[in-house]
Amino acid sequence: MPTPKVKSDRAVSEDARERKDPYEVLGVLRNATDQEIKSAYRRMALKYHPDKNANDPKAADMFTEVTFSYTILSDPEKRRQFDTAGFNAVDSENQDLELDLSSLGAVNTMFAALFSKLGVPIKTTVSATILEEALNGVVTIHSLPLGQPVCRKVDKQCAHFYSVTITEEDAQAGFICRVHSNDKSKFKLLYFDQEENGGLSLALQEESSKAGKVTSAGMYFFGFPVYKLDQTASSVAAGKDPDAAFFKKLDGFQPCEITELKAGTHFFAVYGDNFFKSVSYNIEVLCASSFAQEKESLRAVEAQILTKRAELSKFEVEYKEVLAQFTEMTSRYAQEMKTIDALLKQRNEIHSSYTTAPPLKRSSSKSKTKTASKDAPKEAKEGSPLREKRPARERSKKKWFNIPLKVEKRNKC
């Protein structure tokens, strides 16, 4: 029906006009870096979070707007689409919102856990209460020495904070912070910047991922750009178009916001991201001086991946052109094959019309018997030899082993 379609298009365009520019919502420039966009989002999300503005509908609307703007600008492909053609180019149906599990009720948490168990990706965010307490400097911080692993258990939607002090030599060599959970629990590894008032503001976060029989997350500070791969966009595209997913596979290969840490004290946290149970984990900070060869190998491999990403973009254009030609040729091939088969069939039908004898008409069995009985006397009259009748006595003679026996008449005494 054309009328509903026109209405739907108008509704989409009106909704797009009602949306505010995501750059203006977050208060960043159009050439802002990923780190600037992420910092602006966290600052505004904390300001307008529903937990802090329970009875303020304007704050709730602003929080939704901030989250929607961040989902566009944090995704390289969606950001490119918006910069090119505005909101109409962005698929608003696939905008995933991050859930704060601490603000959900028991029923909603159960539904979220069920969908996650079924394979539906559920994005979660750090509790606004945790971020506010860290910003106000009222969290407990534990010291974490280099090279000494710590094993602890954190409750769901709670966090353990750690401070790590590094020297100038450690900063130049780089260091690694890694966390793993043996029971495959979900968690987040967080890194905080220290504000002038002594509070902590969230700067980086890494989601845990399955690695064999454990879940793990890590942050690496080597003094040169280190990249991370976000496969969320490619996994969503894979469900729609496998070819498009291949070409988008490296779109999530983005540099980490912080590549080098200065000498001094730095702050990390482990956030429990399970739906219902606590998280058992091991955290360890290592100096990267003993991984010199691995660092150089990592830098070389990631440089090759960046080169391949640029080549993949050019290859996509060539692939689509060749695929269009192949599709056209395949369609023509099927059509030509169908036409040839139809012509051959028509030719065979015409050819068989004069080369094949028509079938004989057969009469019924009754007519056959009547005809045979009528023709028999005629054949007899025309001279066909008939079997002569033999005497009954000769016919009654029996043969023994096919030897004819003669019966002689005896004279009476």
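1. A residue is called buried when its relative accessible area is under 20%. By that cut-off Phe221, with 2% relative accessibility, counts as buried. Tyr191 is likewise buried, its relative accessible area being 4%. These remarks concern a predicted model.

2. Over the whole structure, a search returns 15 aromatic pairs. One of them joins Tyr191 and Phe221 in a tilted arrangement, with 5.9 Å centre to centre and an angle of 50° between the planes. Tyr191 belongs to strand β5 (residues 187-194) and Phe221 to strand β8 (residues 214-221), so this contact ties together parts of the chain that are 30 residues apart in sequence.

3. A further tilted pair is made by Phe222 and Phe224, for which the centre-to-centre value is 5.8 Å and the planes are 35° apart. Both Phe222 and Phe224 are buried. Phe224 also has a charged neighbour: Arg299 lies over the face of the Phe224 ring, at 4.2 Å from the ring centre.

4. Together with Phe175 and Phe268, Tyr191 and Phe221 form one aromatic cluster.

5. Gln172 is located in helix α8 (residues 168-173), and a relative accessibility of 58% places Gln172 among exposed residues, since the term applies over 50%. The C-alpha atom of Gln172 is separated by 8.3 Å from that of Lys262, although Gln172 and Lys262 are 90 residues apart along the chain.

Technical notes: Residues numbered from 1 in each chain as written. Predicted model: local features only at pLDDT ≥ 70, side-chain atom pairs only at ≥ 80, totals over all residues. Heavy atoms only, no water. Phe/Tyr/Trp six-rings, centres within 6.5 Å; stacked < 30°, edge-to-face > 60°. Helix = DSSP H or I, 4+ residues; strand = E, 2+ residues; numbered from the N terminus. Buried < 20%, exposed > 50% of the residue type's maximum accessible area, 1.4 Å probe, protein only. Lys NZ or Arg CZ within 6 Å of the ring centre and 35° of its normal.
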